[in-house]
Amino acid sequence: MKNIIEKIRKYYPMSDESLFALVNGFEECLFPSGENIICAGRLDKKVYFIERGMTRSYVLYNGKEVTTWFSMEGDAACGSWDLYRKRAGFEYVETLEDTLAYAISVDRLDSLYQSHIDIANWMRVLQQENFLRLQDIHISRLNLSATERYERLMTNCPEIFRRVGLGHIASFLGITRQSLSRIRARVIF
C-alpha cells in the first residue's frame, strides 16, 4: 500500500491512527485491463485507491467515449455523483492496465470524516486539488490551442504518454486521433 500512503501523506499530514483507521476499511480488488469498475447509471458506493495500474474516466457523448480523467498509482477513482450525491452518476471508470486497488465504501468514509478530522481534511484537500486540476483543464480547452494543450500534458504528465493509447489521449485533449498524430509529428520535428 506504499503508493497510496505516499500520496495520502503528500496531500495532508494524516496521523498514524487515522491512517490505520482508513486503511483498515480497505478491501483489496484486482481488476484486469479493460474492465469498467464504475458504470454510468449504476450506483457505485465505493471509492477505489490505486496501488498499481491505471484507470481512465470517461463519459458517453453522442455515442462516443470522451475521456475526462486519468488516475494512476496513489490516486483515487470514483464516480462524483456516487460519492457526493449518493446517486448513480454519468461517468465510467475503466482500467487501462491490470490494476490493484483498495476499495472503501462511501458510507465508511463518511463515518471516518466524523470521527477523524484529519481524514476529513485530507479528503477536502484532495478534492480541492482535483477541482483545481479540472478547472485548469476546462480553461485550457477554452484558451489554448490543441498543440499547446498537448505540450502542457507532455510537460505535466509525461507518464500518460508511456501508458495510455493515443485515442484516449486525443479524446482527453478534445481533438481527433489524426490531429494528435499531426501535432506529434510537428512537435517531434
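This report covers the pockets and cysteines of a predicted model.

Local features need pLDDT of at least 70 and side-chain atom pairs pLDDT 80 or more, while totals for chains, interfaces and linings use all residues. Residues are numbered from 1 along each chain as its sequence is written, and side-chain values use heavy atoms, without hydrogens or water.

**Pockets**

A pocket is an open set of points on a 1 Å grid over the protein atoms alone, where a 1.4 Å probe fits, with protein on both sides within 12 Å along at least five of seven lines; lining residues have an atom within 4 Å of a point. Volume is the space filled by probe spheres set on the points.

| Pocket | Volume | Lining residues by class |
|---|---|---|
| Largest | about 610 Å³ | 17 nonpolar, seven polar, four charged |

In the largest pocket, Trp69, Ser80, Gln127, Asn130 and Leu134 are the closest of the 28 lining residues to the centre. Helix α5 (a DSSP run of H or I, at least four residues) gives the most to this lining, eight residues. The second largest pocket has 23 lining residues, with Arg133, Leu153, Asn156, Cys157 and Ile160 closest to its centre. There too α5 gives the most, with five residues.

**Cysteines**

Cys157 is partly exposed at 29% relative accessibility (between 20% and 50%, 1.4 Å probe, protein chains only). The model has zero disulfides (cysteine sulfur pairs within 2.5 Å).

Terms used. Helix = DSSP H or I, 4+ residues; strand = E, 2+ residues; numbered from the N terminus. Nonpolar A, V, L, I, M, F, W, Y, C, P; charged D, E, K, R; others polar.
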